[in-house]
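Morning, everyone. Please bring up the structure, and I'll walk through it piece by piece.

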Amino acid sequence: MSRGDHSQGGKRSGKSKKKSFEPSRAPIKKTVKQPKKTSNSDEIRLNKFVANSGVCSRREADLYIQTGSVWVNGKPVTEMGYKVKLTDEVKFDGRLITPEQKEYILLNKPKGFVTTTSPEKTKTVMHLVANASKARLKPVGRLERNTTGLLLFTNDVDLEKKLTHHKSEVRKIFHVELNRNLKFEDLEKISKGVKLEIGFIQVDEISYIDGASKSEIGVQLQSSKNNVIHKLFEHFNYDVIKLDRVIFGGLTKKDLPRSHWRKLTEQEVINLKML
């Protein structure tokens, strides 16, 4: 018998046998897990921040970022993919922008609340509108602690600056209650304008309120300076007992009880922007 013969089942088959693996003995592929990139939910890409503010598209924002037109916290940023927090100060061509949807809230402010956004104060107007919006609202101008009446809040930086500019023609009407009756000659002097330390104050109109006490008067003015009404009457030796802003830029207190707030209508927002 030759060596090529296989007496004990030694015939070779023309087909090669395929290796089979039991499930438990299958080869294991080793995979290297890539570390997950941690992301801060409070951060968004700068180009998205700019685009969401409404000044341009995201693609255009990339171009503006590359050319140094976008500044973050006082420094130009040209890095693509740069991320910012919503609390960062972002400027586009020198103008402060925000990616939030514009909100407009009107409050009928009560006594005893300070007009400030400082968290250090325990009793501020921000507490009264805390549930009005998730946006970062700011009061437009200010009312003193014991001054009541209309106070507007918004995150619309352009409108806020427009309404508080010293040349702004925003109509404001106050109801003023004095400690004594206003003399006719003093009323005449106030109506003509008074020069105070803070500057020359010109009221648009001053008159007694119909049906009210003679010590209660109405004052309409456009000045954006703080504490004007108090200083105006103190100049003539009157004490202001109550001061209530009843009209602001065409907005009124109708159906808005003290300490309550409401959102402006679309038409009211349009009217404010046209002032």
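Where is the place of lysine 273? It is in helix α7, residues 266-273. Before I go on, two sentences on conventions. This is a predicted model, where local features need pLDDT of at least 70, side-chain atom pairs count only at pLDDT 80 or more, and totals for chains, interfaces and linings use all residues. Residues are numbered from 1 along each chain as its sequence is written, and side-chain values use heavy atoms, with hydrogens and water left out.

Helices here are DSSP runs of H or I with at least four residues, strands are E runs of at least two, and both are numbered from the N terminus.

Back to lysine 273. Its relative accessibility is 43%, so lysine 273 counts as partly exposed. On that scale, buried means under 20% relative accessible area, exposed means over 50%, and partly exposed is in between, with a 1.4 Å probe and protein chains only. Lysine 273 touches Tyr104, Asp156, Leu159 and Lys162, leaving out residues up to four places away in sequence. Contact means heavy atoms within 4.5 Å. Aspartate 158 is 115 residues from lysine 273 along the chain, yet their C-alpha atoms are separated by 9.3 Å.

Which residues of α7 are buried? Glu268, Val269 and Leu272. They cover an arc of only 100 degrees around the axis, so they are on the same side of α7. That arc is taken from the directions from the helix axis to the C-beta atoms. The cover over the buried residues of α7 includes β7 (104-109), β9, α4 (157-164), β16 and β17 (261-263).

Next, strand β15, residues 240-248. Of its 9 residues, 7 are buried, so β15 is largely enclosed by the rest of the structure. Which way does β15 run against strand β10, residues 172-178: parallel or antiparallel? Antiparallel, with 7 bridges joining the two. Two strands pair if DSSP finds at least two bridges between them. Lysine 172 has phenylalanine 248 of β15 as its bridge partner. Strand β9, residues 148-154, pairs with β15 in the parallel sense, over 2 bridges. There, threonine 148 stands opposite aspartate 244.

β15 also runs antiparallel to strand β16, residues 251-252, through 2 bridges. Isoleucine 247 faces threonine 252 of β16. The two strands form a hairpin with 2 residues between them, and glycine 249 in that turn has a positive phi of about 55 degrees.

There is also an open sheet of 4 strands. Its order is β3-β2-β5-β6, with antiparallel pairing. The edges are β3 (75-76) and β6 (95-97), each pairing on one side only. Inside the order, β2 (residues 70-72) and β5 (residues 90-92) share 3 antiparallel bridges. Tryptophan 71 is opposite lysine 91 of β5.

Now serine 53, in the loop between α1 (46-52) and α2 (58-66). Its relative accessible area is 14%, so serine 53 is buried. Its side chain reaches the backbone oxygen of valine 50 at 2.5 Å. Beyond neighbours within four places in sequence, serine 53 contacts Ile97, Thr98, Pro99 and Lys102.

Last, the whole chain. It has 7 helices and 17 strands. Buried residues are 38% of the 275 residues. Among contacts with a separation of 6 or more, 65% link residues 24 or more positions apart.

Definitions and conventions. A polar contact is a pair of N or O atoms within 3.5 Å; within protein, one must be able to donate a hydrogen and the other to accept it, and residues adjacent in sequence count only if both atoms are side-chain atoms.
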